[in-house]
Amino acid sequence: SANPSVELIYVPSDMNEKDAIRAYASPSHGPWLMIDREDPLVAKLKKMYGVWAGREASEFGRAGRRHGVPTVIAVAPDGSELQLLDTE
């Protein structure tokens, strides 16, 4: 189709689940999906795309980090990165 659908998914970097839910529920967020902060997919996505908060360096290291948060990445259905949008 000429206008493919877009789905936004919030991958949290908040200190805890309560903060993640508070950020997700803020007026600045739209009706996006959110991955549970404790889901192993969160770490996998951060490593795959090289995006995590600076304070997460103890968990993910510094090597491979391309960007901090917030960041928006356009991803194709196959998971390949289309574009990183600088929102930091």
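These legends go with a set of close-up views of one predicted model.

The model is predicted, and residues are numbered from 1 along each chain as its sequence is written, with local features needing pLDDT of at least 70 and side-chain atom pairs counting only at pLDDT 80 or more, while totals for chains, interfaces and linings use all residues. Side-chain values rest on heavy atoms, with hydrogens and water left out.

**View 1. The largest pocket holds about 1200 Å³ of space.** Of its 33 lining residues, Ile9, Val11, Thr71, Val72 and Ile73 sit closest to the centre. A pocket here is an open set of points on a 1 Å grid over the protein atoms alone, where a 1.4 Å probe fits and protein lies on both sides within 12 Å along at least five of seven lines; lining residues have an atom within 4 Å of a point. Grid points are joined across faces, edges and corners, and the volume is the space filled by probe spheres set on the points. Two or more lining residues come from each of β1 (9-10), α2 (40-49) and β3 (71-75). The biggest contributor is β3, with five residues. Helices (H or I, at least four residues) and strands (E, at least two) are DSSP runs, numbered from the N terminus. Sorted by class, the lining has 23 nonpolar, seven polar and three charged residues. For that sorting, Ala, Val, Leu, Ile, Met, Phe, Trp, Tyr, Cys and Pro are nonpolar, Asp, Glu, Lys and Arg are charged, and the others, Gly among them, are polar.

**View 2. The second largest pocket holds about 170 Å³.** It has 14 lining residues, and those closest to its centre are Arg37, Val42, Lys46, Glu56 and Glu59. Both α2 and α3 (57-60) put at least two residues into this lining, and α2 gives the most, with four.

**View 3. β3 and β4 make a hairpin.** The two strands run antiparallel, with five bridges joining β3 to β4 (residues 81-86). Strands count as paired if DSSP finds at least two bridges between them. Look across the pairing and you'll find Ala74 opposite Gln83 in β4. Five residues separate the strands, and in the turn Gly79 has a positive phi of about 95°.

**View 4. Arg22 and Asp19 pair up within helix α1.** Their closest N and O atoms are 3.0 Å apart, making a salt bridge; the term calls for a side-chain nitrogen of Lys or Arg within 4 Å of a carboxyl oxygen of Asp or Glu. The structure holds four of these bridges. Arg22 and Asp19 are three residues apart in α1 (residues 17-25), so about one helical turn separates them. Asp19 is partly exposed at 23% relative accessible area; buried means under 20%, exposed over 50%, and partly exposed in between (1.4 Å probe, protein chains only).

**View 5. Glu38 forms a salt bridge with Arg37.** The closest N and O atoms of this pair are 2.6 Å apart. Glu38 is exposed, with a relative accessible area of 56%, whereas Arg37 is partly exposed at 24%. Arg37 also turns up among the residues closest to the centre of the second largest pocket.

**View 6. Glu81 and Arg66 form a salt bridge between a strand and a loop.** Here the closest N and O atoms are 2.9 Å apart. Glu81 belongs to strand β4 and Arg66 to the loop between α3 and β3, so the pair ties together parts that are 15 residues apart in sequence. Both ends are partly exposed: Glu81 has 31% relative accessibility and Arg66 has 44%. For scale, Arg66 and Ser13 are 53 residues apart in sequence and 15 Å apart in space, C-alpha to C-alpha.

View 7. His67 is buried, with a relative accessible area of 13%. The side chains of His67 and Thr71 are joined by a polar contact of 2.9 Å. Such a contact is a pair of N or O atoms within 3.5 Å; within protein, one must be able to donate a hydrogen and the other to accept it, and residues adjacent in sequence count only if both atoms are side-chain atoms. Thr71 is also one of the residues closest to the centre of the largest pocket. As for Pro70, the peptide bond from Val69 to Pro70 is cis, with omega near 0°.
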